[in-house]
Every structure is written in C-alpha cells, then in structure tokens.
Amino acid sequence: MLVKVFGAAVQGIDALVVTIEVNCSQGIRFFMVGLPDAAVKESHERIVSAVEHNGYRFPRKQVIVNMSPADIRKEGAAYDLPLAVGILASDEKIETGKLSEYMLMGELSLDGSILPIKGALPIAIKAREEGFKGLIIPKANVREAAVVNHLDVYGVENITEVIRFLNGEIELEPTVIDTRAEFFREYTHFDLDFSDVKGQESVKRAFEVAAAGGHNIILIGPPGAGKSMMAKRLPSILPPLTLQEALETTKIHSVAGRMERGSSLLSQRPFRSPHHTISPVALVGGGAFPQPGEISLAHNGVLFLDELPEFSRQVLEVMRQPLEDRKITIARAKYSIEYPAGVMLVASMNPCPCGYYNHPEKECICSPGTIQRYLGKISGPLLDRIDIQVEIVPVPFEKISDTRPSESSESIRRRVIAAREIQAARFADYPGIHCNAQMTTRQLNQFAVPDEAGLKRLKDAMNRFHLSARAYDRILKVARTIADLEGSEGVQVQHINEAVNYRNLDRENWGDR
C-alpha cells in the first residue's frame with residue numbers, strides 16, 4: 001500500500017515541505033531514497049525499537065521510502081516520527097484519512113518517546129502557509145510553534161499518542177498561545193541596569209547616542225574601567241522588539257536549537273558575546289550542516305566583541321560585509337543560504353598590550369611601536385564601520401563609594417525610543433532604512449546637513465585632528481542622532497562638536513607619545 005506523509009526541511013531560517021512516500025510490498029528489504037543523510041538512514045533502527053516497544057509490529061515486508069524533493073538533502077533525526085507513521089500506515093496499522101491534513105516532525109527514542117527538534121517555528125509557519133490543518137511535534141517544542149496563528153499545534157510525548165490520534169481513538173488538545181500576551185509579558189524586564197554603573201557619565205552618553213541611532217561603538221580603556229559592564233547593559237536601553245522582529249529573531253534561535261525548553265516567543269533583544277578564539281565559520285555561520293553563526297544569533301540585538309585585537313585577523317575581516325549589508329550569504333558547492341545579520345556591534349579593547357596607555361595613575365611599559373602594532377590588528381575598513389569610538393578611564397574612589405543610584409536604564413530608554421520614533425517617521429518612505437546608522441550618502445545630504453557654524457566646526461576638526469575622509473559621514477550620522485535626541489530639526493554646531501569627540505581612533509596622532 002502506498003501512502004504519503006508530510007514533514008519539513010529547514011534551509012536557512014525557512015522551511016520547505018518534504019513529502020515522505022512509503023510503499024510496502026512483498027520482500028524483506030528496506031530501502032530509503034531521496035538524499036537522506038546518515039542520521040536519517042539510521043532512523044530504521046530507532047523506528048523498529050520504538051514501534052515494537054509500544055506493542056506494534058514493524059512490517060516484515062519490503063519497505064521503500066522516498067523523500068521528495070529528492071534534490072534537497074534531508075538532515076537530522078527529526079524525520080523519525082513521519083517515517084514511522086508512514087511505514088505503519090503503509091502496513092495498514094494506521095488509518096490514512098488524516099495523513100494529508102497534518103505535518104509531523106519528531107525524533108524517536110528507542111522506547112517511543114518523542115524528543116525535541118530544531119526549527120519548530122519555521123516548520124509551523126510553513127505548515128500554515130501550505131494549508132495544513134495542524135502540526136504534530138514534540139511536546140518540548142509545542143509552545144515555540146504555537147505562536148503561529150490559525151494552525152492547530154499538538155505536542156506529543158510518545159508515538160502511541162500519535163498512532164491513536166490518527167486512528168481516531170483519542171483526541172489531542174491543541175496548544176493555544178496568546179502571542180501578544182507572551183510577547184509583552186517580559187519585554188521590559190532586565191536583570192542588568194545602568195543605575196548600577198557608578199560615574200562614567202560621558203560613556204553612558206555615548207551608549208545613549210549609539211542606541212538612539214543604531215550606531216556601532218568601540219570602547220578603549222584599561223582593564224577594570226567598566227567596558228564589559230556597560231556593554232552588557234546596552235540591551236536595557238534599546239527600543240523594544242516589534243512583534244515582527246521578535247518572530248524573525250525567534251526563527252533564527254529555533255533553527256540553531258538555542259530555544260529554552262518550554263519557551264515561546266523571544267521578547268528581548270539578543271546579546272551575544274563570543275570568545276576571541278571563535279572561528280570564522282562559528283561567527284558567520286555555515287559548516288557541513290549549515291547553522292546560523294553568532295552574528296545571525298545577535299540579529300536585532302547586540303554583538304559584543306571583548307578584547308577586539310585578540311580576535312584573529314581572518315575573523316575580524318569576515319565581519320566587514322555582514323556589518324555593511326546586514327545579511328550573510330553562505331555559498332557552497334552543494335547549497336547557498338542566507339541568514340539575516342542586522343546587529344549593533346559593540347567592541348572593547350585595551351589601548352595597548354599592557355593595558356595602561358593613557359592611564360591616569362599607572363605607567364604604560366609598551367613602546368610606541370608596540371602600541372601601533374597592537375592597534376594595527378584592527379583594519380581600517382572594519383574601523384570604518386564603527387561610528388562611535390570612546391576612551392574610558394577608571395572610575396575614581398569618590399564615584400565608586402557613592403551610594404546614590406545613577407540614572408536608570410528606563411529613563412535613558414524613553415529618550416532613545418523618542419529619537420527612534422523621529423527616525424521611523426523620517427525614513428517611512430525608504431524601505432530597509434530604520435535608523436540613522438543606515439543612512440546612505442544621498443540621505444545624509446538630505447537629512448544631516450549642518451548649519452553654517454556646524455560646517456565650519458567640522459572643517460576645523462578635520463584639519464586640526466587630521467581626521468580621515470571616512471570619518472566625515474560617520475560624524476554627520478552621529479550628529480543627526482544627537483540632534484534627534486534633543487528634538488532638533490537641524491544639525492547644529494553643538495551636535496557636530498559632540499560627534500567629533502566620538503572619533504578618537506581616527507586621529508592620526510592617537511597612540512603616539
């Protein structure tokens with residue numbers, strides 16, 4: 001008997017329908033075709049054990065399985081459940097009436113338990129797009145997939161439940177999630193707050209400007225000055241995710257298998273902080289079994305690179321294109337996939353190998369040549385994509401011992417949101433542009449033209465500090481953001497002044513003694 005069961009394959013952050021055709025006939029062999037990988041081929045042993053452990057008999061016949069489309073590689077153990085159902089249905093142990101209405105995915109344990117899978121959310125989205133009535137997946141993934149409306153999502157723990165449901169012996173209750181309630185429940189709750197940071201008011205201001213305009217930022221300062229402490233608090237002042245951003249972010253984490261058990265929709269912007277020993281593939285994604293990298297996992301959030309010069313040159317250079325295009329295209333001989341990469345980059349570094357160049361109290365032991373070589377590890381093209389460069393010094397004892405709380409993240413966040421709303425209105429007619437950091441040269445000439453005094457100040461700064469030509473656009477973008485924070489219609493001289501102060505590494509004499 002020939003039957004068809006439906007599953008899904010995940011490519012990038014999207015899914016496509018996989019039709020599993022099973023035919024039982026006379027014989028005693030088992031064939032599986034359709035470009036399955038080793039894990040899919042090994043499903044035969046898992047299915048035999050799971051089926052017979054639950055009181056059913058694996059057919060003693062010739063079983064032929066075809067997984068269509070045949071040119072798409074099927075990877076992982078998530079096909080165990082639809083394969084088992086297809087085999088039993090072909091052997092007439094399961095009624096076929098409901099098979100065309102449901103998509104099934106799940107990994108089988110030897111005792112028939114159904115284990116979690118990756119990519120439940122994009123699979124659910126595809127099931128709804130293709131008009132399936134419902135989706136049957138492991139119970140551990142059910143809340144993640146149930147955020148998709150107009151689709152019955154059933155979470156099951158054992159293959160027996162699936163068999164009895166398809167035979168009409170029992171009814172399963174679909175999981176219903178109030179997507180908006182789930183999203184708004186914790187999207188403003190943060191464990192870390194800027195009120196914990198003592199002093200460093202100028203650096204806090206730089207973070208506020210960076211958050212308001214979506215600008216990349218780098219902090220240069222000695223050990224213990226608070227670089228990592230403030231970077232970890234940046235998500236608490238960023239605007240909240242929209243529902244669309246939350247759905248896209250959740251899809252990425254779902255595909256990567258990073259969703260916590262029982263979680264549904266991610267409601268806070270991600271914060272990723274990879275170690276400096278990370279490989280290029282782990283950062284941008286790909287591999288033999290393609291997975292999103294750290295840049296994509298930080299999509300719509302923050303990518304924090306601590307001790308930037310310690311990252312390998314190759315790792316830093318592969319970041320240039322994703323930071324510019326806000327997406328990663330991975331092309332290999334057998335596949336080509338695209339991952340989103342709309343991140344806000346936050347980097348930190350010591351000013352020199354010993355860490356104490358420009359320290360107010362401790363003496364630096366590095367030679368000028370050593371300092372220049374250390375800074376030279378960061379290429380000009382990468383530095384060109386970092387709008388704000390801030391020096392940070394240690395907090396004096398008087399500030400550390402002050403028990404009065406600093407300004408809270410909530411207060412800063414209100415100003416950031418107000419500035420982002422101004423930008424949203426400004427770029428309403430420009431698809432793909434959401435904040436000042438994404439402005440093109442044409443938009444700079446339209447929205448960020450300084451007044452006469454500001455233009456004179458910018459010219460003086462370029463000449464006095466020997467700023468590079470690439471700093472010109474960055475200064476104007478940051479100045480436009482500062483003006484938005486003040487609610488100013490135009491870019492004025494005080495906005496240019498502050499923006500110029502955020503270009504420390506562009507000064508040709510930085511690092512000289």
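Q: Which residues of α8 meet which residues of α21?
A: In this predicted model, Arg205, Glu208, Val209, Ala212 and Gly213 of α8 meet Val478, Thr481, Ile482 and Leu485 of α21. To be in contact, heavy atoms have to lie within 4.5 Å. Helices here are DSSP runs of H or I with at least four residues, strands are runs of E with at least two, and both are numbered from the N terminus.

Q: What sits behind these values?
A: Being a predicted model, it supplies local features at pLDDT of at least 70 and side-chain atom pairs at pLDDT 80 or more, while totals for chains, interfaces and linings use all residues. Residues are numbered from 1 along each chain as its sequence is written, and side-chain values use heavy atoms, with hydrogens and water left out.

Q: Why is α8 called roughly perpendicular to α21?
A: The axes of α8 (residues 201–213) and α21 (residues 470–486) come within 9 Å and cross at roughly 95°. Axes are lines fitted to C-alpha atoms, for helices over the stretch in contact, with angles from 0 to 180 degrees between N-to-C directions. Under 35 degrees would be roughly parallel, over 145 roughly antiparallel, 65 to 115 is roughly perpendicular, and the rest is oblique. So α8 comes out roughly perpendicular to α21.

Q: How many residues of the α8 and α21 contact are nonpolar, polar and charged?
A: Five are nonpolar, two polar and two charged. The sorting puts Ala, Val, Leu, Ile, Met, Phe, Trp, Tyr, Cys and Pro down as nonpolar, Asp, Glu, Lys and Arg as charged, and the others, Gly among them, as polar.

Q: What makes aspartate 387 and arginine 474 a salt bridge?
A: Their side chains meet at 2.8 Å, N to O. The rule asks for a side-chain nitrogen of Lys or Arg within 4 Å of a carboxyl oxygen of Asp or Glu, so the pair qualifies. Aspartate 387 is in the loop between α16 (380–383) and β18 (388–391) and arginine 474 is in helix α21, so the bridge ties together parts 87 residues apart in sequence. Both partners are buried. Salt bridges that share partners also join Arg205, Glu208, Glu407, Arg415 and Glu498 into one network. The count by this rule is 26 salt bridges.

Q: Which label does histidine 150 get, buried or exposed?
A: With 76% relative accessibility, histidine 150 counts as exposed. Histidine 150 is in the loop between α5 (142–145) and β9 (152–156), and its phi is positive, about 60°, although it is not a glycine.

Q: What makes a group of residues a nonpolar core?
A: The members are buried Ala, Val, Leu, Ile, Met, Phe, Trp, Tyr and Cys residues joined through side-chain atoms within 4.5 Å. The largest such core has 67 residues, and Tyr79, Val85, Ile136 and Val162 have the most contacts inside it. Helix α3 (residues 80–90) gives this core its largest share, seven residues. Leaving aside neighbours within four places in sequence, isoleucine 136 is in contact with residues including Leu81, Tyr102, Tyr154, Val162 and Phe165. Another core lies apart from that one, with 50 residues, among them Val346, Val390, Phe465 and Val500.

Q: What about valine 197, buried or exposed?
A: Valine 197 has 3% relative accessible area, so buried is the label. Valine 197 is in the loop between α7 (179–185) and α8, and touches Lys204, Met229, Met230, Arg233 and Ser406, not counting residues up to four places away in sequence.

Q: How many helices and strands does the protein have?
A: The protein has 22 helices and 18 strands. Of its 513 residues, 53% count as buried.

Key. Buried means under 20% relative accessible area, exposed over 50%, partly exposed in between (1.4 Å probe, protein chains only).
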